[in-house]
Amino acid sequence: MGLGGAWDASGYGPELVDRAGEAVEAALAIGITRFDHADIYSRGKGESVFGELLARDSTLRGRIHLQSKVGIQLGENGGFGHYDLSAQSIHDGVHGSLRRLRTDYLDVLLLHRPDPLLDPAEVGAAVGRLLEEGSIRAIGVSNMSAAQMDALQDHLPVPLVADQLELSLARHDFADTTVLVNHADGAGTSFPHGTLEHCARRGIEVQAWSPLAGGRYSGRTTAESPDADRATAALLAELAASKGTEPEAIVLGWLLRHPGRISPVIGSANPRRIAACADAEAVGAAMTREEWYALYQTARGKRVP
């Protein structure tokens, strides 16, 4: 989301392409080869600047995995307009992304948000046509519950491969929905219960968007921040120092410690912040239960029941 400049009708210059190139190089340097887009990011300019990078380096496309999302229509001012997972919208969204990205195919297409008006059979037929023509190689979703995925899967020609959801220390309700079963506090949890279990049973990758929570605990905590945020930032700094790594790696490692095999979508276009995530997998593998629960309970601001 950080590529391409402002979410308006303005254009972009070579400096924004260079900035995107720096982000991509920082990602490649720590072993990241998957890049997540959406047709709406920066009103399409996010994909366009990335397409410029692919045009600059003819070897880059063969070294990376591209996914993009369709299904949100923006309003005139760049804000939300409406959701649209009609066949025409899916077709036009994919081909617009391919044109901007300057590629022949997406490795994965994600349906960006649930559309209450979607017809599962219509979506299934549209996805089938895109697969047949080679425009996409796999299909996934974003922000969908287990029930929504099942209803859609009945009409898809291939299995869903991914569900992208907001998961982080700040958005920890995916853990709350587990520990608060049969507890009164569970009534206030918005995360769709059973979604991670559903994905694990069906081999659907869970991708976490905004896993760094916008730097809430690793660079943007101030004296005016809530007590729980300041306490979490302090604990992260302590753990990072003890492990010889960066707070960002601890934040992502906390997600990676979860048995749901969560794949964080870093989201940042800042080369320093990208580089700070380098140790995340090792940190997650070594994180103890005590450390995991200490972070979770501190971020919640209260102990679990």
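**Entry 1**

I began with Arg100, which forms a salt bridge with Glu47; the closest N and O atoms are 2.9 Å apart. The model is predicted, and I read this distance as a computed value. I then located the two partners: Arg100 lies in helix α4 (residues 87-101) and Glu47 in helix α2, so the pair ties together parts that are 53 residues apart in sequence. I noted that side chains of opposite charge can pair when their charged atoms come close. I also looked up the total for the model, which comes to 18 salt bridges.

**Entry 2: α2 against α4**

I next examined the packing of the two helices that hold this pair. The axes of α2 and α4 are 7 Å apart, and the packing angle is about 45°. α2 and α4 are therefore oblique to each other. On the α2 side I listed Glu47, Ser48, Phe50, Gly51 and Leu54, which meet Ser97, Arg100 and Leu101 of α4. By class, I recorded 3 nonpolar, 3 polar and 2 charged residues for the contact of α2 with α4.

**Entry 3: α1 against α2**

How do the axes of α1 and α2 cross? I found that helix α1 (residues 14-29) and helix α2 (residues 45-56) have axes that come within 9 Å and cross at roughly 75°. This makes α1 roughly perpendicular to α2. From α1 I listed Pro14, Val17, Asp18, Ala20, Gly21 and Val24; in α2 they meet Val49, Phe50, Glu52, Leu53 and Arg56. I counted the classes for this contact as 7 nonpolar, 1 polar and 3 charged residues.

**Entry 4: α9 against α13**

I turned to helix α9 (residues 227-243) and α13, whose axes come within 8 Å and cross at roughly 155°. α9 and α13 are therefore roughly antiparallel to each other. The α9 side of the contact consists of Ala228, Ala231, Thr232, Leu235, Leu236, Leu239 and Lys243, and the α13 side of Glu291, Ala294, Leu295, Thr298 and Ala299. By class, I noted 8 nonpolar, 2 polar and 2 charged residues here.

**Entry 5: the second largest pocket**

I then looked up the second largest pocket, in which about 380 Å³ of space lies. The pocket is lined by 17 residues, and those closest to its centre are Thr178, His258, Pro259, Trp292 and Tyr293. Which elements give two or more residues to the lining? I recorded α7 (173-179), α8 (195-202) and α13 (289-300). The largest share, 5 residues, comes from α7. By class, I found 9 nonpolar, 5 polar and 3 charged residues in the lining.

Notes:
Residues are numbered from 1 along each chain as its sequence is written. This is a predicted model: local features need pLDDT of at least 70, side-chain atom pairs count only at pLDDT 80 or more; totals for chains, interfaces and linings use all residues. Side-chain values use heavy atoms; hydrogens and water are left out. On a 1 Å grid over the protein atoms alone, a cavity is a set of points where a 1.4 Å probe fits but cannot get out, and a pocket is an open set with protein on both sides within 12 Å along at least five of seven lines; lining residues have an atom within 4 Å of a point. Grid points are joined across faces, edges and corners, and a volume is the space filled by probe spheres set on the points. Helices (H or I, at least four residues) and strands (E, at least two) are DSSP runs, numbered from the N terminus. Ala, Val, Leu, Ile, Met, Phe, Trp, Tyr, Cys and Pro count as nonpolar, Asp, Glu, Lys and Arg as charged, and the others, Gly among them, as polar. Axes are lines fitted to C-alpha atoms, for helices over the stretch in contact, and angles run from 0 to 180 degrees between N-to-C directions. Angles under 35 degrees count as roughly parallel, over 145 as roughly antiparallel, 65 to 115 as roughly perpendicular and the rest as oblique. Contact means heavy atoms within 4.5 Å. A salt bridge is a side-chain nitrogen of Lys or Arg within 4 Å of a carboxyl oxygen of Asp or Glu.
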